[in-house]
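Take a look at the protein below. The report that follows walks through its parts one by one.

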Amino acid sequence: MKGISELEQTLSFCREKLEQHSFRITPQRVAIFFCLLQSKDHPSAEMVHHRVKKEFSNISFDTVNRTLHCLAEKGLLRVVESGPGPRRFDAQLKKHYHFRCCNCKKIIDFDCAEYDSIKIPEHIARKFKVFRQDIVLEGLCSECALKKRE
Ligand SMILES: [Zn+2]
Ligand SMILES: [Zn+2]
């Protein structure tokens, strides 16, 4: 698209999605959603608050936290199964998997065609209605593994 920067595209995507899900459009809400779309590190509410505060110095943690949970409820964000500690959020809704570093708590996205084709066990599928299947790998990221070796 000529003349429209990537940032502007992301911004209009934010507004469009919020409208579609009947959110009242406020600059703060747009900023929170926008922040998530720009983040690759699966931030917690606190991390988002910290980032959005640079633009909206008066925004409260509560507003950020509440907005993130509303967005997740409407399916615009995903809450990442991140184990103990604060909830982490992900705006990448396309199927992907996570590697979680136990040391620095980094969450890294990866794709895997083999995982995509893993079937739900027969005895589970018979008993339950499964909405989501998630695979999370845990360990040490390359930086932490390197530090451990030193
Ligand atoms: Zn690490
Ligand atoms: Zn992710």
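Where does His42 lie? It sits in the loop between H2 and helix H3 (45-52). Keep in mind that this is a predicted model. His42 is not a glycine, yet its phi is positive, near 50°. Most residues other than glycine have a negative phi. Is His42 buried or exposed? His42 has 24 other C-beta atoms within 10 Å, so it counts as buried.

Ser22 has a positive phi too, at about 45°, and is not a glycine either. Its place is the loop between helix H1 (6-20) and helix H2 (27-38). Ser22 is exposed, because it has 7 C-beta neighbours inside 10 Å.

## The overall plan

The protein has seven helices and five strands. Read from the N terminus, their order is α-α-α-α-β-β-β-β-α-α-β-α. Along the principal axes, the C-alpha atoms fill a box of roughly 50 × 45 × 40 Å.

How much of the protein is buried? Of its 150 residues, 17% are buried. Now take the contacts between residues at least 6 apart in sequence. Of these, 43% join residues at least 24 apart.

## Two domains

The protein divides into domain 1 (6-88) and domain 2 (94-149). Their centres, taken over C-alpha atoms, are separated by 23 Å. Eight residues from domain 1 and seven residues from domain 2 make the contact. On the side of domain 1 that touches domain 2, one residue is nonpolar, four are polar and three are charged.

## Helix H2

Which residues of H2 are buried? They are Ala31, Ile32, Phe33, Phe34, Cys35 and Leu36. Several elements cover them, including H1, H3, helix H4 (61-73) and strand E2 (88-90).

Strands of a sheet pair through backbone hydrogen bonds, either parallel or antiparallel. Here, three strands form an open sheet in the order E4-E3-E5, and the pairing is mixed. Strand E4 (107-110) and strand E5 (136-139) are the edges, each pairing on one side only. From one strand to the next, the twist averages 25°.

What are the two pairings? E3 (residues 97-101) and E4 run antiparallel, joined by four bridges. Tyr97 stands opposite Phe110 in E4, and Phe99 stands opposite Ile108 in E4. E3 and E4 form a hairpin, with five residues between them. Lys105, in the turn, has a positive phi of about 65°. On the E5 side, E3 and E5 run parallel, and four bridges join them. There, Arg100 stands opposite Glu138 in E5.

## The two faces of E3

Which way do the side chains of E3 point? They alternate along the strand. His98 and Arg100 point to one face and are buried.

Conventions
Residues are numbered from 1 along each chain as its sequence is written. Chains are lettered from A and ligands numbered from 1 in the order in which they are written. This is a predicted model: local features need pLDDT of at least 70, side-chain atom pairs count only at pLDDT 80 or more; totals for chains, interfaces and linings use all residues. Two strands pair if DSSP finds at least two bridges between them. Axes are lines fitted to C-alpha atoms, for helices over the stretch in contact, and angles run from 0 to 180 degrees between N-to-C directions. A residue is buried if 20 or more other C-beta atoms lie within 10 Å of its own, exposed if 12 or fewer, and partly exposed in between; C-beta atoms are placed from the backbone. Domain bounds come from an automatic or database domain assignment. Two residues are in contact if their C-beta atoms, placed from the backbone, lie within 7 Å. Ala, Val, Leu, Ile, Met, Phe, Trp, Tyr, Cys and Pro count as nonpolar, Asp, Glu, Lys and Arg as charged, and the others, Gly among them, as polar.
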